[in-house]
Amino acid sequence: MPSSTPAHWSPNQYRPVQEYTYKFTPNGELRIHVFFPFDWKPIDSRPGIVFFFGGGWNSGSPVQFFRHAMYLTGRGMVAACADYRVKSRHETTPLDAVEDAKAAVRWLRAHAAGLGLDAQRIAAGGGSSGGHLAACTAMVPGLDAEGDDLSVSPAANLLVLFNPALDLRAAGPERFGLSADDARLISPIEHLSAQAPATIMCHGSQDRMCATAREYKEKADAVGAHVELDFYEGLGHGFFNRDPWFAQTLRRADEFLTAHGYLTGPPTVDPT
């Protein structure tokens, strides 16, 4: 496993967060921040999750999901927050971001033994464009990084999504430097099948992407995929970043992860 350097100290129930370089690109190296429980050991086989930040594939920071990662680490998981290429910093398109997200999951799985991870229990989560990328790891074919070990799957085993972008065809793909074919290729709704990982989606009822979320849920039900869709009345895009909805949606994510065997015991976050 690549060498690491401590990023900062978390509260005393956590080990220091570690940063690793998971990918080298023409635009520079990409880092992933990994949070470990205090009682973690390298020989563990813990469930894990990696989060991808939102920002319209244009901006954003892994810090957005540090609170989520710290909470889930306190619940016993190994949690990570990955950087990826965005237009404002790298002059890239969502195609490059999808490649990066798949590489991040593949890196975690390839290094599972040293990270104390169970390679078959790696979830992915994110908000908005980050939710899109999490879903793409499991459903979009191709877009593998040059030099990636294709024998290692980039597909997340579970998805925890907050107002995700699931159909780029409806988002004006030319705004993001995409052709119609590109938008179709990286639209998770186009690839939804019974083999899709179990998914939870939290949406504000006033989000502009609600219609797509409902369509995704209907298609999932039709093909036999497990998708849970929760609406939060009167709220718009990105509501989950703010209290009290941060705690409410985090508790809902906890319940979902517990139902699928990634966590045990009751949630420890207060939803109020």
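Colleague: Leaving aside its neighbours within four places in sequence, which residues is Thr 25 in contact with?

Modeller: Thr 25 is in contact with Leu 30, Arg 85 and Asp 100. Contact means heavy atoms within 4.5 Å.

Colleague: What kind of model is this?

Modeller: This is a predicted model, where local features need pLDDT of at least 70 and side-chain atom pairs pLDDT 80 or more, while totals for chains, interfaces and linings use all residues. Residues are numbered from 1 along each chain as its sequence is written, and side-chain values use heavy atoms, with hydrogens and water left out.

Colleague: Where is Thr 25 placed?

Modeller: Thr 25 belongs to strand 2 (residues 17–25). Strands are DSSP runs of E, at least two residues; helices are runs of H or I, at least four; both are numbered from the N terminus.

Colleague: Why is Thr 25 called buried?

Modeller: Buried means under 20% relative accessible area, exposed over 50%, and partly exposed in between (1.4 Å probe, protein chains only). Thr 25 has 13%, so Thr 25 is buried.

Colleague: What does the side chain of Thr 25 reach at 2.9 Å?

Modeller: The backbone nitrogen of Asn 27. A polar atom of the Thr 25 side chain also lies 2.7 Å from the backbone oxygen of Gly 28. A polar contact is a pair of N or O atoms within 3.5 Å; within protein, one must be able to donate a hydrogen and the other to accept it, and residues adjacent in sequence count only if both atoms are side-chain atoms.

Colleague: What makes helix 1 mostly covered?

Modeller: The count: seven of the nine residues in helix 1 (residues 66–74) are buried. Among them are Phe 66, His 68 and Tyr 71. Gly 76 follows helix 1, with a positive phi near 110 degrees.

Colleague: How many residues does the largest nonpolar core have?

Modeller: It has 57. A nonpolar core is a set of buried Ala, Val, Leu, Ile, Met, Phe, Trp, Tyr and Cys residues joined through side-chain atoms within 4.5 Å. Tyr 22, Ile 32, Val 50, Phe 52 and Leu 108 have the most contacts inside this core. Helix 3 (residues 94–110) gives the largest share, nine residues. Apart from this core lies another, of 33 residues, including Val 160 and Tyr 262.

Colleague: What makes Arg 46 and Asp 39 a salt bridge?

Modeller: A salt bridge is a side-chain nitrogen of Lys or Arg within 4 Å of a carboxyl oxygen of Asp or Glu. Arg 46 and Asp 39 meet at 3.0 Å, N to O. By this rule there are 23 salt bridges.

Colleague: Are Arg 46 and Asp 39 buried or exposed?

Modeller: Arg 46, at 13%, is buried. Asp 39, at 52%, is exposed.

Colleague: Which parts of the chain do Asp 254 and Arg 75 link?

Modeller: Their closest N and O atoms are 2.8 Å apart, in a salt bridge. Asp 254 is in helix 8 (residues 245–259), while Arg 75 is in the loop between helix 1 and strand 5 (78–82), 179 residues apart. Both are buried.

Colleague: Why does Arg 169 count as partly exposed?

Modeller: Arg 169 has 35% relative accessibility, so partly exposed is the label. Its salt-bridge partner is Asp 167, with the closest N and O atoms 2.8 Å apart. Asp 167 is buried, at 12%.

Colleague: How many aromatic pairs does a search of the whole structure find?

Modeller: Twelve. Rings of Phe, Tyr and Trp (its six-membered ring) pair if their centres lie within 6.5 Å; planes under 30 degrees apart count as stacked, over 60 as edge-to-face and the rest as tilted.

Colleague: Why is the pair of Trp 57 and Phe 176 called edge-to-face?

Modeller: The centres are 4.9 Å apart and the planes are at 70 degrees, so the pair is edge-to-face. Both residues are buried.

Colleague: Why is the pair of Phe 65 and Phe 240 called stacked?

Modeller: The centres lie 6.0 Å apart and the planes are at 20 degrees, so the pair is stacked. Phe 65 and Phe 240 also join a cluster of ring pairs with Phe 51, Phe 162, Tyr 232 and Phe 239.

Colleague: What sits over the ring of Phe 246?

Modeller: The charged end of Arg 67, 3.6 Å from the ring centre. A charge sits over a ring if NZ of Lys or CZ of Arg is within 6 Å of the ring centre and within 35 degrees of the ring normal. The charged end of Arg 121 sits over the ring of Tyr 262, 5.9 Å from its centre.
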